[in-house]
Amino acid sequence: MKCRNLLSFLACSTFAFTSTAAESVSGAESQGRSDLNLRPGVTDISNQVYDLHMLMFLICVIIAVLVFGVMFYSMVVHRKSKNAKPANFHENIKVEIAWTVVPFLILIGMAVPAANTLIDMEDASKPDMTVLITGSQWKWHYKYMDNDVEYFSVLATQQEQIKNRLQKGENYLLEVDRPLVIPTGQKVRFLITSDDVIHSWWVPDFAVKKDANPGFINEAWARVNEPGIYRGQCAELCGKDHGFMPVVVIAKEPAEYQAWIEEQEAIAQRAKEEEQRLLAMNMSMDQLMTQGKKTYDTVCAACHMPNGEGLPGVFPAIKGSPIATGDVDAHIDILINGVTGTSMASFAKQLTMSEIAAVITYQRNAWGNNTGDMVQAKDINAAMNGKE
Amino acid sequence: MTSATDTTAHVDGEHHDDHHHIPKGLTRWLFTTNHKDIGTLYLWFAFIMFLVGGAMAMVIRAELFQPGLQIVEPNFFNQMTTVHGLIMVFGAVMPAFTGLANWLVPMMIGAPDMALPRMNNWSFWILPFAFLILLSSLFMEGGGPAFGWTFYAPLSTTYSGDSTALFVFSVHIMGISSIMGAINVIVTIFNMRAPGMTYMKMPLFVWTWLITAFLLIAVMPVLAAAVTMVLTDKFFGTSFFDAAGGGDPVLFQHIFWFFGHPEVYIMILPAFGIISQIVPTFSRKKLFGYASMVYATASIALLSFVVWAHHMFTTGMPVAAEMFFMIATMLISVPTGVKVFNWVATMWRGSLSFEIPMMFAIAFIVLFTIGGLSGLMLAITPVDFQYHDTYFVVAHFHYVLVTGAVFSIMAAVYYWLPKWTGKMFDITLAKWHFWCSLISVNVLFFPMHFVGLAGMPRRIPDYALQFADFNKWISVGGFAFGLSQLIFLALLIKACRHQGESVSDQVWDGAEGLEWEIPSPAPYHTFDTPPVVK
Amino acid sequence: MAQQEYQKYYVPEQSIWPIVGAVALFLIAVGAGNYTIEATSDKEGFGFYTLMAGLVVLLVMLVGWFKNQIDESMSGLYSDQLSRSYRQGMAWFIFSEVMFFVAFFGALFYARNISVEWLGGASNNAMTNAVLWPDFVATWPLLVTPGGETSTQMGWYGLPAINTLILVVSSVTLHFAHVGLEENKRTQLNVMLLVTILLGCIFLGLQAYEYIHAYNIGLTLDSGVYGNTFFLLTGFHGLHVTLGTIILIVLYFRILKGHFTPKEHFAFQAGSWYWHFVDVVWLALFVLVYII
Ligand code: HEA
Ligand code: HEA
Ligand code: CUA
Ligand SMILES: [Cu+2]
């Protein structure tokens, strides 16, 4: 009787489980992903990987069912309470050899397709185009090796959502200000590296996950079949904001991509001209402070905290800092050259000169750092070109 | 150990030279050289560490209960993850096994004590100090270690806080402790066996510990070297892990995992030994395939030295290396499978009864196998690119560690506790403990497979909305599992106050081996004169 | 086990020394940790004093523990079985030391054959060199690092060769000391042991001299992996020679006091094993670090 109870319990719970599971799958399916399983993804490779995964899973389930089946049978039938008398055997060479050799053969059956897929995945030769991906605490930098386009990509989710003060959006934590854009149908090679600690660039739909090791370049590639927006995350613990370092890739039809990249080149060109124009101008204190606060909160606050107090022992406070209240040149120097060997990177590439000027002004006048100093884009220009 | 054993039990109680009084008070524990006292110390220390590490896991689970940041700051979250991992591995599981070895190895091989009793005391007492240092570093400016229990450079070198120095030295002490403990076990087994206790008659728990001890002595020094290089890289300007000086961050991972992979088998081989003791007892049948169990254990240990880079598939190794490590890793399933099959074959046509230790052992076999099979999936390099650093990995290692190592330790405690205290533990509480743990642990760790496959990275304090449902369940399971352990605490306290019914010397009616032939509770000194094993 | 006659295995009564040793290690770890922090930044603290206190306590513990042990040994409490335990324990301890050095040799191997080569563009790292370190050329010894740090090579002839000779000879003299002990030739024992100790000290002196020389010619601890592996390997080896020399000195005084018999001299044996082990490490080091 006990055993029937057990069976009905198992049946019920399996049913309950699969029905909730099915619900979550159908919910997710509409967005092209599963909440329960790996996704097949959008490249040939990622589909192969998915098939491999399902194959391994199936083999494992079969083995488990067999092993547990025998064990549970024994537990039900050979129990002392049913007056089972223990048998006397305690070895059997033939059986033992069999269950050494058979698993071995199963393993070979698993290894062969895996090896084939692996070799394909690691062959990044003859690409159609190349992107250099550089991770740093906590942003990605994309540089198109064949065009004059490069930019940073950082988390776009507002702090208010993270702090639970605002309703969380649909792509909470999986959205960035400027996604990577690549063409469909072409072999895109990714060169992956880092400026500080190890990160890992991961897009599940491409089955691409490669560590970004500082000082070394790893290669990976993808040929995306369908246009769309693909989201992933940094997959290697890289410090405080490791959880806030998403990857977003947009795949566009080649023609659209071509248009996009030309537009980007034009924008980059215009930005340079704009920069030149701003150099000649002086901004007012108000303008500097507003612009500065904006830059500070989006870029610097991750480490130095919105209140400028930093994290003692990890990131220094700007509030009352000898640098932010002392010599202006030293302050400028830190921004454009960074401090080597620390996570204080150079911001010369990420920010425009006027942004740097504004953020410095802001740091020197916010939170009681009342130096009254104003820094203009041309000061930054002088410092940078003096250095170079 | 076989049923052919027959002993002329020389038990200390019957001895006349009774200068062996049991010392009293605090100094008994501070100065002790008695393997049973030291075993008890190790076990209690491990249990306390389990609660502390578990409390940190509760912080992790509370933060992950919902998306968004609510309870802790990301930096503190990382410290919790790191210290949780370190404490559970070095503070809970390893000392618990060492405690069991202390209690059981001498009794199983008929030795009067461990071979080097004073060193035994030393290797225990440095441990609490090591963890005191580690835990107090959490209160330093900048916080404690926040780079994961794997402390990958350069996050742990250039980009870490000052507390790294204390972390390094506390790991050194843990290493010294493990090495001394392991030397003691090996020497005891080699040199202290009773006459007639040949190697192939030793109980499997002794065998697995012998091999574990070898692993420990081989790899703990490598960990010491790794932390030393981290120290010099961070503080003294070396560049082992810095490309600008000709080094490589990946070098750190090679050294760490050369230690780290054997380390995970250090945490499972003694468990295999325990299960191999318990299953025959409650099947009332000899262990199936004793010899192949020994060979399988040895093969696992040897293979464990050549698989380390399966933790590093995404680091950009050349394909040939990836292929080699994939295949070597998969091979480990074969000897492990032999073990599982042998246990099942032992139960097959036995006369089974389901006392608490047996329930834990059966849960172990099923759940460990699930964890092992997910390990096998992780070994498949191209698919590991998808699994790596997601909760799928977290699910894998908690199945092998919690429902594997920790469950085996609980099984062992239930199995031998009556021998240690002379009283049967509170069976009602034990049943509650078992069933609550069994159910909640699966609610806790099973859905981690799903969120992992769906793409949730590990070591993150906040996650995207599609993971929210399962994480809620995981956390609920976690709290329930944590509370279930309080039942165990209550049971242990009762047992240590010697409440309960007295038990016979054999305790369990199918139990065989030297430890079951001495009185219950086991006298303070056993086998002053060695028994003769035929 | 062919144990015809049963000897009682000596299980010591309670002892305070282990817990003293635990406190010592605690102080050393806390002290060393804090001292490291303080010495490399401009923080103030008690790290150094804590470390020194720890070392003192450790010394007290060692003296007390060994005194205990020697007394027990001299009063005949030990059996053959116990001596075997000690010997095996020592052997496994040396094995653990071997593994410690293996890790550093492994790092040397990796730096030399893998990371430097890869930075130079080998294997699957052509882009590493082309994009990140275009000016870097892989060489060993690594005299110009990818980051531009320079250092100088340390030749094997001269001091290192002399040091090798010294250590090899010291192993031989120690062996003769051992033979002297076993054959009860006390003078041979004394003289040979003294010579060994002397050779150990000369080795250390020359090693110190070599370090000064290295710093003068620009080979420093922080000058890239060549300097790193050079100093860490020779440095840890030097620490082991220091320890070995201290052990030998202690043995010497015990011999003066008339300890050890031709048959019972575990401590001497352990000391000499240790010395031979340190010697072998040096040979590996001489070949792998200096010559090739
Ligand atoms: C007790 C601890 C323990 C044990 C026993 C294991 C056992 C195994 N582990 Fe696990 N592992 C960990 C602890 C453990 N692991 C930890 C802590 C981590 C993460 C570390 C970190 O990053 O923090 C990890 C991570 C980890 C990874 C890296 C994942 C990643 O980060 O990407 C891999 C990859 O190969 C792996 C594989 C395996 C394999 C193949 C086994 C095998 O030994 C399993 C063998 C068992 C079976 C296969 C089941 C029984 C066998 C049968 C029933 C026979 C029939 C079957 C067949 C022949 C198919 N483990
Ligand atoms: C043997 C080892 C071991 C054990 C036993 C456990 C036990 C548990 N672990 Fe463990 N875990 C690791 C080893 C272990 N873990 C390792 C190595 C890592 C990787 C770390 C890293 O990434 O660096 C990890 C990481 C890890 C993570 C991933 C963190 C991340 O990636 O961010 C999570 C998340 O849920 C987790 C949860 C748990 C839980 C809920 C338990 C539970 O089983 C704990 C249950 C015990 C208790 C709860 C204590 C008893 C109860 C009390 C003290 C009373 C208070 C109780 C309540 C308030 C309810 N662990
Ligand atoms: Cu970048 Cu994690
Ligand atoms: Cu592993």
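Predicted model: local features only at pLDDT ≥ 70, side-chain atom pairs only at ≥ 80, totals over all residues.
## Who sits around ligand 2

Let's start with the neighbours. There are 33 residues around ligand 2, and the ones that come nearest are Arg61(B), His84(B), Trp149(B), His398(B) and Arg459(B). Sorted by class, that shell is made up of 22 nonpolar, eight polar and three charged residues.

A few side chains put an N or O atom by the ligand. For His398(B), such an atom is 2.8 Å from a nitrogen atom of ligand 2. Arg458(B) has one 3.2 Å from an oxygen atom of the ligand, and for Thr81(B) the distance to a ligand oxygen is 3.5 Å. As for where the shell comes from, the elements of chain B that give two or more residues to it are α2 (35-63), α3 (74-109), α14 (391-421), α15 (427-454) and α16 (468-496). The biggest giver is α2(B), with seven residues.

## The iron atom

Ligand 2 carries an iron atom, and two histidines coordinate it: His84(B) and His398(B), each through NE2, at 2.0 Å. These two come from distant parts of the chain, with His84(B) in helix α3 and His398(B) in helix α14 of chain B, 314 residues apart.

Are the two histidines buried or exposed? His84(B) has a relative accessible area of 13%, so it is buried, as that is under the 20% cut-off. His398(B), at 14%, is buried too.

## A look at helix α6

Now move to Leu204(B), which is found in helix α6 of chain B, a helix covering residues 204-235. Leu204(B) has a relative accessibility of 2%, so it counts as buried.

Leu204(B) and Lys339(B) are 135 residues apart along the chain, and their C-alpha atoms are separated by 12 Å.

## Cysteines and disulfides

A disulfide is a covalent bond between the sulfur atoms of two cysteines. How many disulfides are there over all chains? With a cut-off of 2.5 Å between cysteine sulfur atoms, the count comes to zero.

Two cysteines of chain A are worth a glance here. Cys234(A) counts as buried, with a relative accessibility of 1%, and Cys238(A) counts as buried at 0%.

Conventions: Residues numbered from 1 in each chain as written. Chains lettered and ligands numbered in written order. Heavy atoms only, no water. Near = heavy atom within 4 Å. Polar contact = N/O pair within 3.5 Å; in protein donor to acceptor, adjacent residues only side chain to side chain. Helix = DSSP H or I, 4+ residues; strand = E, 2+ residues; numbered from the N terminus. Nonpolar A, V, L, I, M, F, W, Y, C, P; charged D, E, K, R; others polar. Donors = N, O, S within 2.8 Å, 3.2 Å for Na, K, Ca; no water. Buried < 20%, exposed > 50% of the residue type's maximum accessible area, 1.4 Å probe, protein only.
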